[in-house]
Amino acid sequence: MTTGQVTDERAAGREAYAGVLRIYELAKRQEWQVRDLPWGEQPPIPEGRGSPERQARRRDMWRSVLTQQLQADLLACDMSSQLLNIAPDPEAKLYYSTMVQDESRHTEAWLKLIAEAGGTGERDPYLDELAHMTLEADTVEEKVFQMQVFYERLIISRFRMIARASRGTVLEDLCNRLTVDDGIHHRAGMEYEKVLLQHASKKTKQKLVDAANRLLPIFVQHALWRPKERAMIGGAMRSRDQERLREDLELGVRLAESLGLDVSDVQLPV
């Protein structure tokens, strides 16, 4: 089957995949390169003021932010590659070919930015645990929901927050680009999950709910975890973080409900 045949939304019997194909075409048009970032024109991260010690603490804080995002995109490379391999539909495989490229490009950008900022910081143990749960999930429906419907939607607001706090830097430019890319990933996941769940069995749908109840307590720990470099500011912002977490979890439940899942058994841990 040629690409031209696959991307024809009017292909007999494949109308349900038209949304996936439209986003596949959008993903190709939105592709950018790491060299497009303002390297050498803007500082990599916000430049601190004050004593050398204070500047060093601020630099360490930003390095910890970069490390967590690099960790997330390294794991996203694994998850998107897995989806490319196991997705049963050619339209989805086309889309996941662009997602693998996106996540690989994001990883390249984070690696370059971290090198310019002075190296990596502490790894988030709960993020690793969440990724392994998704990679080891039994069904493609679970994997698509967890990675694209849930995670990709939530990271968008965090990229916007980081961009606002890093005006005039390479980091701001990168986060603005990732906001667009991950918005596309989320939209593609919603479109594909609708198709997958349309004829899914009750057992398959229940597995998504059961997986959510296992995943959510770990997600809470991830959302509230802070490395030592951000412990002080993390403590000061904890109440705001908890409120944002509550909103994130409620959004995830609404997304599941919009896909036709029975969310009455979902147990929110906050």
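Because the model is predicted, local features need pLDDT of at least 70 and side-chain atom pairs count only at pLDDT 80 or more, while totals for chains, interfaces and linings use all residues, and side-chain values use heavy atoms, with hydrogens and water left out. When I say helix, I mean a DSSP run of H or I with at least four residues, numbered from the N terminus.

Let me start with α8, which covers residues 202-224.

Now to α6, residues 140-164, and its crossing with α4, residues 90-117: their axes come within 15 Å and cross at roughly 40°. Axes here are lines fitted to C-alpha atoms, for helices over the stretch in contact, and angles run from 0 to 180 degrees between N-to-C directions. That angle makes α4 oblique to α6, since under 35 degrees counts as roughly parallel, over 145 as roughly antiparallel, 65 to 115 as roughly perpendicular and the rest as oblique. On the α4 side the contact (heavy atoms within 4.5 Å) includes Y95, Y96 and W110, and on the α6 side it includes M147 and F159.

What about α5, residues 125-135, and α6? Their axes come within 8 Å and cross at roughly 135°, which makes α5 oblique to α6 as well. Here L130, M133, T134 and L135 in α5 meet K143, Q146 and Y151 in α6.

Finally, α6 packs with α10, residues 238-258, at an angle of about 145°, with the axes 11 Å apart. Among the contacting residues are F145, F150 and L154 of α6, together with L249, L251 and L255 of α10. By class, this contact of α6 with α10 divides into 9 nonpolar, 1 polar and 5 charged residues, where Ala, Val, Leu, Ile, Met, Phe, Trp, Tyr, Cys and Pro count as nonpolar, Asp, Glu, Lys and Arg as charged, and the others, Gly among them, as polar.

Technical notes
Residues numbered from 1 in each chain as written. Helix = DSSP H or I, 4+ residues; strand = E, 2+ residues; numbered from the N terminus. Expected span 1.5 Å × (residues − 1).
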